[in-house]
Number of protein chains: 2
Amino acid sequence: MDAHRDAHADTTPDETTPETTPEDLEHVLAAARAAARPLARSTPAARADALEAVAGALEAARPELVALAAHETHLPQARLEGELTRTVFQARSFAAGLRDGSLTPTRVDHADPDWGTGPRPDLRRTVVPIGPVLVFAASNFPFAFSVFGGDSVSALAAGCPVVVKAHPGHPRLSLTTAQQVTAALSAVGFPDGAFALIEGVEASRRALTDPRIRAAGFTGSVRGGRALFDLAVSRPDPISFHGELGSVNPVVVTPAAWAERGAAVAEGWVGSLVLGAGQFCTNPGVVLVPDAEAFTAAVDLPAPGPMLNPGIVEGFVAAASDLGSQPGVRTAVEGEAGPDGAAARVFAVSAADVLANPHLLELEAFGPAGLVAGYSSEDELRAVLDVLPGQLTGTVQAGTDDPLAAEVGALLAEHVGRVVWNDWPTGVTVSPAQQHGGPWPATTTPTTTSVGTAAITRWQRPVAFQGFPATALPDELKD
Amino acid sequence: MDAHRDAHADTTPDETTPETTPEDLEHVLAAARAAARPLARSTPAARADALEAVAGALEAARPELVALAAHETHLPQARLEGELTRTVFQARSFAAGLRDGSLTPTRVDHADPDWGTGPRPDLRRTVVPIGPVLVFAASNFPFAFSVFGGDSVSALAAGCPVVVKAHPGHPRLSLTTAQQVTAALSAVGFPDGAFALIEGVEASRRALTDPRIRAAGFTGSVRGGRALFDLAVSRPDPISFHGELGSVNPVVVTPAAWAERGAAVAEGWVGSLVLGAGQFCTNPGVVLVPDAEAFTAAVDLPAPGPMLNPGIVEGFVAAASDLGSQPGVRTAVEGEAGPDGAAARVFAVSAADVLANPHLLELEAFGPAGLVAGYSSEDELRAVLDVLPGQLTGTVQAGTDDPLAAEVGALLAEHVGRVVWNDWPTGVTVSPAQQHGGPWPATTTPTTTSVGTAAITRWQRPVAFQGFPATALPDELKD
């Protein structure tokens, strides 16, 4: 239990949160299992209809949903409006991909008597849904990574029944959203078990280890994600666990960028760092600069807005304190406290101290805290990039005609899922080319993404049909 | 150690097999790490050249290699000649895919100020190699799933350095093949660490848990694969472990097929069952028929050829004996013993007994043993298919105008990676549409394949470049 309570160290355990009973969970899992076949046999167009129906229902319920979210998460209204827009757009993007066929990739190899390994039979590959998926909702995106967030939508698009474990940070919003989803899916004829919400740590652990659950998606902390990953892979029948975990999202400021527009870069960095009180997985927590002292002198820290809940505040203060007490790390700037009593902080350190203690590159403080690391040479910068753990993003701030920046971009690409040029990592576009992922500890499955329509591949399993007559082939494989 | 010795229960532990020393292993891993960047930056054309160079070298060494393989594995010359042809063809297939761009998928989303979630930056996704890969060679395909088999070739094609753990079943062949590979790669200018062979259980365990190894591929038994999977996922930094494990590859004979051509089906099944002394991962170990007694009466079992080694014989005899002693299972046909003293065997059971003991569907006897299960109704057949564990393949033997066969094909697709119609599962074509994989226990990663050019995706990680100037973009992402 301790391990799992740690799993939600980024939340306020709410003692009054109801826990789905074993009986109710059994009903949910049995229904999900029963829904797997009808969903697998539904047409992509029917699944597109379903996603659009839910999107429309959420759009129609916008005032109620945003008000609930604002009450439970303390996020500003404008941010929540934008996030709901993003969530609806995301569902419609998957629907569009289902309609145009791009999300159901097929490959046909016709029979070939002269094939290099002997006569080749007719072989046609399509994808099928992997089966019921368990989604762990995140605290920091109450719409876009929660009940009907990217994991749920991509799994439904693939034809998988979805069981969502509600995040205790926004229980009423979760329930209301789930009711909208369930009603909309039911109205388009989806089976009962296509979607369900469960609550509580124990119920989610039981679900994760139940043979009827065939894959899982998670967004949250490294510690919490690791505990659940360990459960998933230690099952008698291990399953894929797609966890989006931790990242310090390093930013490299080249000497040329610093010389050309140092103050603007510092200002841009702070803007990205404190956006949403720093509660983003793409928060740029580490910046590598040629002159740490001058850079931090250019930093002006605003008071952060309210954080998601007291548990997050507490976790942030502890993590920032831990970061500040590391060898060689000093507090460079401390802003005014926000409404929760927490202040944004910028620490400074030398790249030499980072190389002596690379663990610094794993200390994600979930909130508005950043570490400025000063490098004394290009080789020292390269040495730091060489020990970088896996990251969701890496950013290069480049000057005009800046060969080092191009080299840094290539070096960052060895460790991150997305490399950003002269921009900031917060704000993750939902589009086909998006890649939101990266090597451990950024994620548990670096070959996949959790944002963008390519996220569907996590829930699809290829199947090849050999020598089938047209009448018995799935529709998409017929000539 | 015991767990790992079990891992190679399908081999003869050869006490004289050398074990790579810790010092040599350190050299191998350091070189692999050092080779990762130059390989990642090599062009697809350069990697194609390298694969073709190795293919040519193996082809040139054909007489020596086949003679060594025949001596160490007891497989017939014709089979080994064909397998080497397949191995060379496979390398050339990946080379062709690298040259035509199909193995380096990209996606470009141009900037769009009117995008649904706010202005979209220019976002371009490509794939990068995941890093050094550890490959565990298999015993039963001394060329195609061994030193330069599908895992090694697909990983090199992706740009990953490869460390192969030699299978002790063919040590001299492994060493000679590795020398050919190393020399050919060196001749085209690949770095030293691009490829290496290691030997021994302990060395491979150390390599699998070393942070410089970024993914692993395995072909072998469920028990052995599970032990290694557990090591890979319990690392401080878990890695993907692509294991191709166990499968009984069920065949369903419909009543129509039975009525139309029962004897031919029985003969075809036996041919597939005893092919290569049954030492294939796609060996059709279970056949579901309307009349088990009549079916087994039509079975004529030849004496098997020599098996790979005494350990395989011993394992087969024990597994067949275990199968024969299960509740309701009776020995129906026993053939003449082959040169090793092992005889092919066919057992019979009722589908009702299978439903009472579904564990029967997991008892893979690696060798020429099959289980004939008689179903008394279509519903009973459906019930058996419903409890089927994950499989590499499933086969339907259909009659003319046979709606049940089409339904069975769709039901099999829920559990297997490849569904075969009126043919047999042994013989796995190397082609782009191939899918050699399936849900646990067939594999550890059902979203991937280990045969066919799509196998490359196991070793590729997507990276998106946001807002990059053309001069800093990877070549394949430039306009």
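Tutor: Over all chains, the structure holds 46 salt bridges, a salt bridge being a side-chain nitrogen of Lys or Arg within 4 Å of a carboxyl oxygen of Asp or Glu. This is a predicted model, in which local features need pLDDT of at least 70 and side-chain atom pairs count only at pLDDT 80 or more, while totals for chains, interfaces and linings use all residues; side-chain values use heavy atoms, with hydrogens and water left out. Residues are numbered from 1 along each chain as its sequence is written, and chains are lettered from A and ligands numbered from 1 in the order in which they are written.

One of the salt bridges joins Glu81(A) to Arg62(A), with the closest N and O atoms 2.6 Å apart. This pair links distant parts of the chain: Glu81(A) is in helix H5 of chain A and Arg62(A) in helix H4 (residues 62-73), 19 residues apart. Helices (H or I, at least four residues) and strands (E, at least two) are DSSP runs, numbered from the N terminus.

Now the interface. Between chain A and chain B there are eight salt bridges. Among them, Arg41(B) meets Glu414(A) at 3.7 Å, N to O.

Several elements of chain A each supply at least two residues to the side that touches chain B, including helix H2 (22-41), helix H15 (403-413), strand E14 (416-421) and strand E15 (460-466). Strand E15(A) gives the largest share of that side, seven residues. By class, the side of chain A has 34 nonpolar, 16 polar and 18 charged residues. Here Ala, Val, Leu, Ile, Met, Phe, Trp, Tyr, Cys and Pro count as nonpolar, Asp, Glu, Lys and Arg as charged, and the others, Gly among them, as polar.

In terms of contact (heavy atoms within 4.5 Å), 68 residues of chain A touch 68 residues of chain B. The area buried between the two chains is about 5600 Å², with 56% from carbon and sulfur atoms; buried area is the accessible area (1.4 Å probe) that two parts lose on being put together, summed over both. In chain A, the residues that lose the most area to chain B are Trp421(A), Arg461(A) and Gln466(A), together 11% of what that side buries.

E15(A) runs parallel to strand E14 (residues 416-421) of chain B and is joined to it by three bridges, two strands being paired if DSSP finds at least two bridges between them. Within this pairing, Ala464(A) stands opposite Arg418(B) of E14(B).

The loop between E14 and E15 of chain A holds Pro441(A). In chain B, Pro441(B) lies in the loop between E14 and strand E15 (460-466), and the bond from Trp440(B) to Pro441(B) is cis, with omega near 5°.
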